[in-house]
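Try each task before you read its solution.

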Amino acid sequence: MTTTIEATNFSLTDDTKLAIEEKLQKAMRGTRPTALHVVLTRSTHHNKGGVYECEVHVHLPKKILKAEITDGEDIITSIHQAGKKLERQLEKYKAKRTQA
């Protein structure tokens, strides 16, 4: 599995990388994605409020799942919210795969 992490308009710290790895490993249990692409962005349009965005693209056999948060208060919260969305999508994906 190839993992790509991009950060725009802020520096990517070790804590942020660790939070991404922990949350996505938890969400990925029982699946074998071929690629994982994470895009983290800090909006320069707003100065306060939801200025952080997190996009996660998971490439699975015959399917690409996407979780996107566009109004996060901080980057860690955005990562956790995207991880929760991804967990729900993966559960639906697993359920369909076991039925077929």
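**Exercise 1.** Find which strands helix α2 lies across, and its angle to β4.

*Solution.* This is a predicted model. Start with helix α2, residues 75-99. Follow the helix over the sheet: α2 lies across β2, β3 and β4. Now take the direction: α2 runs at about 150° to β4.

**Exercise 2.** Work out the order of the four strands, and name the edge strands.

*Solution.* The order is β1-β2-β3-β4. The sheet is open, and its pairing is mixed. Next, look for strands that pair on one side only: these are β1 (2-8) and β4 (63-72). Neighbouring strands are turned by 10° against each other on average, direction ignored.

**Exercise 3.** In which sense do β1 and β2 pair, and over how many bridges?

*Solution.* Locate β2 at residues 35-42. β1 and β2 pair in the parallel sense, over seven bridges.

**Exercise 4.** Is Lys23 buried or exposed? Find its place and its contacts too.

*Solution.* First, the place: Lys23 is in helix α1, residues 14-27. Second, the accessibility: Lys23 has a relative value of 10%. Buried means under 20%, so Lys23 counts as buried. Third, the contacts. Leave aside neighbours within four places in sequence, and Lys23 is in contact with Ile79, His80, Gly83, Lys84 and Glu87.

**Exercise 5.** How many residues apart in sequence are Lys23 and Gly49, and how many Å apart in space?

*Solution.* In sequence, Lys23 and Gly49 are 26 residues apart. In space, go from C-alpha to C-alpha: Lys23 and Gly49 are 23 Å apart.

Conventions: Residues are numbered from 1 along each chain as its sequence is written. This is a predicted model: local features need pLDDT of at least 70, side-chain atom pairs count only at pLDDT 80 or more; totals for chains, interfaces and linings use all residues. Side-chain values use heavy atoms; hydrogens and water are left out. Helices (H or I, at least four residues) and strands (E, at least two) are DSSP runs, numbered from the N terminus. Buried means under 20% relative accessible area, exposed over 50%, partly exposed in between (1.4 Å probe, protein chains only). Contact means heavy atoms within 4.5 Å. Two strands pair if DSSP finds at least two bridges between them. Axes are lines fitted to C-alpha atoms, for helices over the stretch in contact, and angles run from 0 to 180 degrees between N-to-C directions.
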